[in-house]
Amino acid sequence: MSVACGIECVLVVGCIRWAWKRCTYIGNNDSATWPAATCEEFEPVPRLCRTILAVYEPNLHKPKFPPPGGYRLNPDWVVKRVTYEQTSGQAPPYLIYCDHEHQEIVLAIRGLNLLSESDYKVLLDNRLGKQMFDGGYVHHGLLKSAIWVLNNESETLSKLWIDNGRSYKMIFAGHSLGSGVASLLTIIVVNHKDRLGGVPRNLVRCYAVAPARCMSLNLAVKYADVIHSVILQDDFLPRTATPLEDIFKSIFCLPCLIFLICLRDTFIPDGRKLRDPRRLYVPGRMYHIVERRFCRCGRYPPDVRTAIPVDGRFEQIVLSCNSLSDHGIMWIEKESEKAFARLKEASAETTTSPPKVQKIERLKTLEKEHKDAIERAVSLNIPHAVGVGEEESSTQKEEEPMEDITFEASQKHDEEASTSEAQGSDGRTNWHKVVEKLFIRDEFGKLRLKRESTGPE
């Protein structure tokens, strides 16, 4: 009897401890050890948030729902606006804006429309491990949408870049659903520069606001120099490893789903998560806007932290009443504007060297952080991760010019790559295929390595 009571007490204490740790875990903890972002690197974020908001406006000359201070865009510089009718459900609405003031060509993609059936079709067009791309796994529907956008807008974007002296930056920005499309679009453009007139990698940038998990960890780290994810405090979407199609199937009971995911992830070891090549992550470098503290009421002046984490990449759900509101683009625009103003003030107060020297030093730091993250991924045996030397050698290879990118062609290529992994129908390794590839039977019926049977090469 005493033994049973003791076991019961241990279980009760364990459950109370777990509940305390989960309920007191806040978004601030995810980036507690990250360094602060600089004013220069965070400067485009509030501006691009306003550009994404402008996609929702049918007429920028007479805006209906402008943010505080207005959109601060020149309506005459809007090159193209694409609606749901024009995309035929293949992609969310987007806008192409040529910002001559900042020398940027911006393609901004709106987020999920809960009333649009086509947006749900894009989200639901996926299953775990369905689509392999560029040596990793990506969301099938979002990749298909990104390819559609590129095929339809490559001529427009290429002409804009060439007409403006080949010096403007090519910016892809998106919120929520649009962030996944923009991220995968960036990967395609970086690997096929000829599609946009040969725009170099250092002029391509992506800003994924409230990003969806759309690519495997090796790709998220590999493209951290061109893709930047912006997350506001407790936003639920970047932390939810459950596939997007399952999240939005349960959109009307989302708090219940978040709690069940939190409970389930407690029993999954971190090592197992990292070794799963099909698990999707938030893309690129992460910028975390933090404005609330533990056991403190109200919002504090926001801080911005940045890093390229490999392990501990926003893997814990935050049980917070702000998990849904922190996903809204209007809140993110408002808080990012405040954060940028604080960074600007701090930069003006602590300036001790010329801005040009500071910028060069920061660029070197960013490059070092990216290389360190890649090496960290290799040291943790992340599936399909390659070292810096191997990556540089692969990028030096001559690119194949492509007249047109079709989804069927990319899918066929990736299906061939995925079959090399010898996966069975249940998702586990098919050992019979592995044995057939590596071994042969001799005249005595014993298994021998093929290399041994054919002699030294």
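Visitor: How much space lies in the largest cavity?
Guide: Keep in mind that this is a predicted model. Counting cavities of 30 Å³ or more gives 2. The space in the largest cavity is about 50 Å³.

Visitor: What volume does the second largest cavity have?
Guide: The second largest cavity is lined by residues that include Ser216, Lys273, Asp276 and Pro383. The volume of the second largest cavity is about 40 Å³.

Visitor: How many residues in the lining of the second largest cavity are nonpolar?
Guide: Leu217, Leu274, Pro277, Tyr281 and Ile382 are among the lining residues. The lining also has 1 polar and 3 charged residues. The nonpolar count is 6.

Visitor: How far apart are the end C-alpha atoms of helix H6?
Guide: Helix H6 covers residues 140-163, which is 24 residues. At 1.5 Å a residue, H6 should span 34 Å. The ends agree with that, because their C-alpha atoms are apart by 34 Å.

Visitor: Where does H6 bend?
Guide: Follow the axis of H6 along its residues. The bend is about 55°. It comes at Glu153.

Visitor: Which residue just after H6 takes a positive phi?
Guide: Look just past the end of H6. The phi there is about 80°. The residue is Gly165.

Note on methods
Residues numbered from 1 in each chain as written. Predicted model: local features only at pLDDT ≥ 70, side-chain atom pairs only at ≥ 80, totals over all residues. Heavy atoms only, no water. Helix = DSSP H or I, 4+ residues; strand = E, 2+ residues; numbered from the N terminus. Expected span 1.5 Å × (residues − 1). Bend = angle between axes of the 7 residues up to and from the residue. 1 Å grid on protein atoms, 1.4 Å probe; cavity = no way out; pocket = protein on both sides within 12 Å on 5 of 7 lines; lining within 4 Å. Points joined across faces, edges and corners; volume = space filled by probe spheres on them. Nonpolar A, V, L, I, M, F, W, Y, C, P; charged D, E, K, R; others polar.
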